[in-house]
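This report goes through the structure shown below, part by part.

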Number of protein chains: 2
Amino acid sequence: MDAAVRSEHALAASIEETLSGAMDSCTTALAPSRLAQAMRYAVFPGGHRLRPRLCLAVAASCGETNLRAAHAAAAAIELLHCASLVHDDLPCFDDAEKRRGKLSVHKAFGERIAVLTGDALIVLAFQSLTRGALHAPDRLGALIEIVAASVGMPSGIVAGQARECEPHVALASYHLEKTGALFAAATMAGAAASGRTAEPWRMLGERLGLAYQVADDIRDAAGNPEELGKPIGRDLALGRPSAAQELGLAGAIARLDGLVAEAAESIPECDGVAGLRALIQIEAKRFLPASLVRRAA
Amino acid sequence: MDAAVRSEHALAASIEETLSGAMDSCTTALAPSRLAQAMRYAVFPGGHRLRPRLCLAVAASCGETNLRAAHAAAAAIELLHCASLVHDDLPCFDDAEKRRGKLSVHKAFGERIAVLTGDALIVLAFQSLTRGALHAPDRLGALIEIVAASVGMPSGIVAGQARECEPHVALASYHLEKTGALFAAATMAGAAASGRTAEPWRMLGERLGLAYQVADDIRDAAGNPEELGKPIGRDLALGRPSAAQELGLAGAIARLDGLVAEAAESIPECDGVAGLRALIQIEAKRFLPASLVRRAA
């Protein structure tokens, strides 16, 4: 195993460890067992953990060697991401059967436990962030503000989700709120955990979030690539444009590449800027399956 | 208007002002309008604001004159209380038509907005607490920990609500979690905001919370006082004992009085102990309508 792969494994393991520690603190023997099970089910096993990886990469590139606050922020962001998936999947929203290859939380545990799972994960996010950053009280306030803004009102995830209930949806806000905001929290919190000013790091997260959204559109549409001219996904049903519909497969991939390039260009001056730029190009390749990229080439 | 009434009005006004400030920060013109409306609807006009009043009374009795952190904690606790009411009223839980004399949030705004209203209020609680206590970073961590524990897992409100989905309900835990925990957060946060150790203040909040629960049982049962021997409320339907069923009206009121007396006795030594004791007796009288107390005498 070469050094890069070893370091990659160590990073992945440390993210899971922080999440496990947070989960252990609230799913003790005292806890109601079904809710405790559902919370674990919603968080483990995870997806690519893109947001916490991004948060930690930014913190490291800012020259921080004591990463404890950054790890706490990374875990909080992932917990909030998981909470939003559980609530988005509820019958009153997407009524999703499956998530990450297994039953959605409300299908596996019932709707009541699913509502409470989302609530409990939101609370756990702020609780574990506070515990993990308590040794740096001068940074705690900024970290909570960044994380809360990315999920709350007026322009975090819940705001984005609420746009679906408005008579007119402003798509730019919708995508920035539903996807960009939490990626921006990841980059900004990584910087803030390292004692840097967070705001200059917003653009990096927002561009990557929008790139991820384009990738999501492509994955949906390319499920039936021969019909790419008229995909039959949810966006179409709801009258919402998707990058894949608007631009075709190759065009959408070009748009994705453009957003990733803009993201990489936006990185503020820091010790690790070259390494971070390279890493972002590598991470962005995970947004799409390799077979799909080859097919479009 | 005498001095006590003026001071009472000033306190009530200051609680509403802090809540309004928090709400204004997240329901700006940028926000999706229906979710913004629903958040305001869930919080204003409020009930008796028992929990924030209790929090501020404890902070004042601890000799704190700069009450900014206590006000922030009081508002956060009230926002979390409102969030729990919105989610408890959802169709998958109580399916309540009405709350505080008007339609429940999901009846007025739909289920999707109701789910998001609860989520957004939880986030706002932590955000506004952080903003309000930022000038006292050494107290912020303790305040967040106290507030988070009272709503999260393993023994806050969401845990209490989740007991309803367990095969066996431990009633003592259920009542402590659903009602006692947030009252305890009010007393403990009041002390912590004033730089005191919070734990000795737990008993005061828990006893008051249990007293409030008994009062709730009485109010339910006494809706048809002539049938008090066999009330037809939800607790009965679900096979859960209620104080009014177990003890009868007079017995339940005696139990309530006993809990309030225990609460008053438990107050730790502080400058304002005598005043706080008197205040708690007065506040506890609000738990029940005067007509009901007269009828049982």
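## Helix H7 of chain A

Helix H7 of chain A covers residues 137-151, and its 15 residues should span 21 Å at 1.5 Å a residue; the end C-alpha atoms lie 22 Å apart, which agrees. The model is a predicted one.

The buried residues of H7(A) are A:Arg139, A:Leu140, A:Ala142, A:Leu143, A:Ile144, A:Ile146, A:Val147, A:Ala148, A:Ser150 and A:Val151. Within chain A they pack against helix H4 (68-88), helix H6 (111-132), helix H8 (157-163) and helix H9 (171-193). From chain B, H6 and H7 also pack against the buried residues of H7(A).

## The nonpolar core

A:Leu143, one of the buried residues of H7(A), is also among the residues with the most contacts inside the largest nonpolar core.

What does B:Ala73 touch, leaving aside its neighbours within four places in sequence? The contacts of B:Ala73 are B:Cys55, B:Leu129, B:Leu143, B:Val147, B:Ala189 and B:Ala193.

## How the two chains meet

The contact between the chains takes 49 residues from chain A and 49 residues from chain B. On chain B, helix H2 (33-43), helix H6 (111-132), helix H7 (137-151) and helix H8 (157-163) each supply at least two residues of the side that touches chain A. H6(B) gives the largest share of that side, 14 residues. By class, the side of chain B that touches chain A has 29 nonpolar, twelve polar and eight charged residues.

Chain A is divided into domain 1 (1-197) and domain 2 (199-297). Taken over C-alpha atoms, the centres of the two domains of chain A are separated by 21 Å. Their contact takes 23 residues from domain 1 and 23 residues from domain 2.

On the side of domain 1 that touches domain 2 in chain A, helix H3 (50-61) and H9 each supply at least two residues. H9(A) provides the largest share of that side, twelve residues. The residues on this side of domain 1 of chain A divide into 14 nonpolar, eight polar and one charged.

## Helix H1 of chain A

Helix H1 of chain A runs over residues 3-26; at 1.5 Å a residue its 24 residues should span 34 Å, and the end C-alpha atoms are 35 Å apart, which agrees. The buried residues in H1(A) are A:Ile15, A:Thr18, A:Leu19, A:Ala22, A:Met23 and A:Cys26. Several of these follow a spacing that a helix can account for. An α-helix has 3.6 residues a turn, so residues three or four places apart point the same way.

What covers the buried residues of H1(A)? The cover includes helix H2 (33-43), H3, H4 and H6 of chain A.

## Backbone details in the loops

Two cis peptide bonds deserve a look. One joins A:Phe44 and A:Pro45, with omega about -15°, and A:Pro45 lies in the loop between H2 and H3 of chain A. Another runs from B:Met153 to B:Pro154, with omega near 5°; B:Pro154 sits in the loop between H7 and H8 of chain B.

A:Asp95 is not a glycine, yet has a positive phi of about 45°. Its place is in the loop between H4 and strand S1 (98-99) of chain A, and A:Asp95 counts as exposed because it has 11 C-beta neighbours inside 10 Å. A:Arg100, also not a glycine, has a positive phi of about 50°. A:Arg100 is found in the loop between S1 and strand S2 (102-103) of chain A and is exposed, with 12 other C-beta atoms within 10 Å.

Technical notes: Residues numbered from 1 in each chain as written. Chains lettered and ligands numbered in written order. Predicted model: local features only at pLDDT ≥ 70, side-chain atom pairs only at ≥ 80, totals over all residues. Contact = placed C-beta atoms within 7 Å. Helix = DSSP H or I, 4+ residues; strand = E, 2+ residues; numbered from the N terminus. Nonpolar A, V, L, I, M, F, W, Y, C, P; charged D, E, K, R; others polar. Expected span 1.5 Å × (residues − 1). Buried ≥ 20, exposed ≤ 12 C-beta atoms within 10 Å, placed from the backbone. Core = buried A, V, L, I, M, F, W, Y, C linked by C-beta atoms within 7 Å. Domains from an automatic or database assignment.
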